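Open the model in a viewer and keep the selection panel at hand.

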Amino acid sequence: MDPLRQSPSPGSSRPSSPRTPPCEMFDYVGIEAVLDQLKIKAMKMGFEFNIMVVGQSGLGKSTMVNTLFKSKVWKSNIPNLGTPTPQTLKLHSVTHIIEEKGVKLKLTVTDTPGFGDQINNDKCWDPILGYINEQYERYLQEEILITRQRHIPDTRVHCCVYFVPPTGHCLRPLDIEFLQRLCRAVNVVPVIARADSLTIEERETFRQRIQHNLRSHCIEVYPQKSLDEDTNDRILNSKIRDRIPFAVVGADREHLVNGKCVLGRKTKWGIIEVENMAHCEFPLLRDLLIRSHLQDLKDITHNVHYENYRVCRLNESHLLPQGPGWVNLAPTPAGRLATPQSSKVCQQAQDDAKDEAY
Amino acid sequence: MAATDIARQVGEGCRTVPLAGHVGFDSLPDQLVNKSVSQGFCFNILCVGETGLGKSTLMDTLFNTKFEGEPATHTQPGVQLRSNTYDLQESNVGLKLTIVSTVGFGDQINKEDSYKPIVEFIDAQFEAYLQEELKIRRVLHTYHDSRIHACLYFIAPTGHSLKSLDLVTMKKLDSKVNIIPIIAKSDAISKSELTKFKIKITSELVSNGVQIYQFPTDDESVAEINGTMNAHLPFAVIGSTEELKIGNKMMKARQYPWGTVQVENEAHCDFVKLREMLIRVNMDDLREQTHSRHYELYRRCKLEEMGFKDTDPDSKPFSLQETYEAKRNEFLGELQKKEEEMRQMFVQRVKEKEAELKEAEKELHEKFDRLKKLHQDEKKKLEDKKKSLDDEVNAFKQRKTAAELLQSQGSQAGGSQTLKRDKEKKN
């Protein structure tokens with residue numbers, strides 16, 4: 001059996017309290033079997049993941065979702081010429097169950113057709129914020145029941161992927177407004193959509209400008225710097241933060257390249273391979289969202305964003321309309337849900353921005 | 001693999017979509033496990049049993065270590081609970097283990113209230129968790145969970161049946177905690193007696209309606225082993241921290257003149273089964289049951305006691321917030337009433353004091369008046385006396401002048417006769 005060490009595990013987020021003496025065990029006990037128990041339980045219960053894609057129409061949101069989950073989550077919706085553009089923003093959710101190697105995932109994708117498509121886009125983020133808060137509210141109502149269910153169904157949005165149009169310049173006012181409001185309520189991952197219209201150098205400059213914009217407006221996107229738990233996390237997440245926003249290309253058709261069948265977009269001047277790191281950064285996005293940080297996204301939604309919502313809700317409940325049971329929540333103005341952390345972050349960001357200017 | 005939760009939702013209208021390639025979320029269980037490992041686990045065991053049944057030794061044997069603590073005396077006036085927390089580490093898994101032991105259980109002459117401190121302790125842990133959960137600003141994911149996950153009830157190896165103290169205590173505890181009864185110091189019972197003893201115990205528990213913890217049999221991977229173990233309850237265990245050389249290995253054992261009892265030998269005792277069940281197979285299920293069954297029951301009772309309801313008489317669901325509001329207003333109203341009362345009492349007191357002071361003032365005034373009058377009388381008397389004295393002086397003066405006049409007249413007329421007569425008169 002492995003020799004036992006007394007040092008705490010490197011990723012430990014809880015320091016042992018001073019009165020708990022570490023005990024050395026003389027032989028194998030079998031505590032680590034609890035990990036297997038956890039795994040079995042998790043596999044049996046299945047996982048849930050709720051993702052929201054936001055962006056103007058035509059940026060390839062539906063295709064991106066199909067590419068991410070390698071399945072026809074959205075049936076291809078080429079807009080008819082006959083259907084009028086929606087006057088108001090209506091959110092559209094679909095839920096699927098996908099299974100891989102025994103792991104069942106209940107995936108809910110929420111789309112926002114009509115975002116930013118009107119002439120006057122004032123307050124177009126309100127329906128989205130309202131939807132996100134409604135999910136938190138639903139969870140809160142379930143949680144405060146006297147007799148509550150064993151497993152509360154989780155419909156809270158774990159991740160919001162924001163599609164930035166590839167202008168090549170910088171973030172537009174609409175983007176900035178939206179990101180500012182949303183990053184306090186949900187984990188936001190901005191991506192540069194349709195990146196095949198930018199060359200590699202243009203991509204880099206665009207990325208730098210966007211990062212600068214984000215810093216100067218105190219927008220904290222996922223992975224949030226203030227939520228890094230220890231040095232390992234910080235190192236890992238800094239690498240990711242350097243590359244945010246990812247420049248992605250979505251495709252759901254397969255083409256033959258060098259004898260292999262790859263997902264890609266075929267153009268007259270070549271085939272853009274979606275999963276080729278030299279062509280676009282889709283693999284990074286996929287790894288972040290699914291392979292490495294999915295659980296972290298859910299945890300941060302539950303421990304940080306949901307708790308913030310709950311604090312505001314419980315403190316200000318006398319301001320909200322009373323009603324039978326389920327209280328209908330008007331879309332909360334952004335100022336309300338500001339966390340006390342944001343002012344610290346803002347200070348830091350402004351200092352950073354100042355440093356960079358010199 | 002039967003997934004009851006997911007299957008239900010399929011019925012509700014989500015479709016299963018086939019995947020065209022490797023997406024990668026099969027790493028999800030690993031992500032979850034890594035997160036849990038970095039947070040660490042915590043496990044709390046309560047050992048209930050009479051003094052001297054080997055509770056501390058069994059804990060040492062179970063976790064292969066020497067926990068600190070001295071053996072308890074038999075002279076405790078009441079039942080107390082002693083709790084110790086330890087940090088155990090095995091490969092990369094950290095476990096925060098809390099062991100709570102009853103001290104003085106079963107030692108008193110009158111044991112009617114022996115179970116009360118235990119029940120209060122368990123409730124206190126639930127209460128602490130509930131308070132944390134109800135807070136507005138809470139940190140549940142870093143909260144050190146102190147709720148008892150498993151209760152090992154040590155039964156004395158009489159070989160006959162359960163004592164009434166055991167039955168009463170177990171009946172009180174079965175709805176609050178997962179009870180695993182074990183027969184302690186079972187090297188004192190022979191094999192045939194042991195089977196009879198076990199049967200007797202299980203039948204007594206069943207006939208008294210005591211719900212002991214059953215190992216879960218709904219998951220296929222552990223159903224079989226848990227099922228067989230359920231039949232072996234209560235486990236007959238022996239604890240020992242001494243190692244003896246048996247054959248060519250060092251093993252934990254107890255040496256008697258008539259032989260050696262090996263702790264880890266399944267033919268000798270059920271220690272290995274206990275360790276398997278408690279730690280290696282069902283630790284997580286124990287925690288889950290504590291949270292989802294016992295804690296929820298406590299929470300429901302507590303909240304109903306505090307006056308919260310899920311639905312009101314008109315069958316319109318209440319929200320907890322409205323009840324909070326109502327309670328808060330009620331409380332504020334009470335506070336205001338109390339404030340009013342206090343203010344009135346204060347006013348009254350002030351009035352009383354004022355009245356007293358007025359009284360005193362009045363008295364003083366009266367006294368002053370009296371004294372003044374006295375003085376005036378005195379003064380008047382003195383003035384009268386003075387007047388009379390003045391009158392006398394005047395009268396005397398008058399006589400004196402009259403006498404001198406006469407004298408001068410007499411000296412002119414009769415000379416010395418009057419003088420003699422006056423002298424005689426004067427004398």
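The tour follows, with each stop giving a selection and what is found there.

This is a predicted model, in which local features need pLDDT of at least 70 and side-chain atom pairs count only at pLDDT 80 or more, while totals for chains, interfaces and linings use all residues. Residues are numbered from 1 along each chain as its sequence is written, chains are lettered from A and ligands numbered from 1 in the order in which they are written, and side-chain values use heavy atoms, with hydrogens and water left out.

**Chain A**

Select chain A, which has nine helices and ten strands. Helices (H or I, at least four residues) and strands (E, at least two) are DSSP runs, numbered from the N terminus. Of the 358 residues in chain A, 51% are buried; buried means under 20% relative accessible area, exposed over 50%, and partly exposed in between (1.4 Å probe, protein chains only).

**Helix H2 of chain A**

Next select residues 61–69 of chain A, helix H2, where eight of the nine residues are buried. Among them are Met64(A), Val65(A), Leu68(A) and Phe69(A). Show strands S2 (47–54), S3 (92–100) and S9 (260–267) and helix H7 (282–292) of chain A, which are included in the cover of the buried H2(A) residues. Then step to Lys70(A), which follows H2(A) and has a positive phi, near 50°.

**Glu307(A)**

Move to Glu307(A) in helix H8 (residues 294–315) of chain A. Is Glu307(A) buried or exposed? Glu307(A) counts as buried because its relative accessibility is 11%. Beyond its neighbours within four places in sequence, Glu307(A) is in contact (heavy atoms within 4.5 Å) with His302(A) and Arg138(B).

**Helix H10 of chain B**

Finish in chain B with Leu332(B), which is in helix H10. Leu332(B) has 44% relative accessibility, so it counts as partly exposed. Together with Phe331(B) and Leu335(B), Leu332(B) makes a nonpolar surface patch of about 300 Å². Patches are made of residues with over 30% relative accessible area and no salt bridge, with like charges joined within 9 Å and nonpolar side chains (Val, Leu, Ile, Met, Phe, Trp, Tyr) within 5 Å. A salt bridge is a side-chain nitrogen of Lys or Arg within 4 Å of a carboxyl oxygen of Asp or Glu.

Technical notes:
Areas by Shrake-Rupley, 256 points an atom, 1.4 Å probe, with all protein chains shown as cover.
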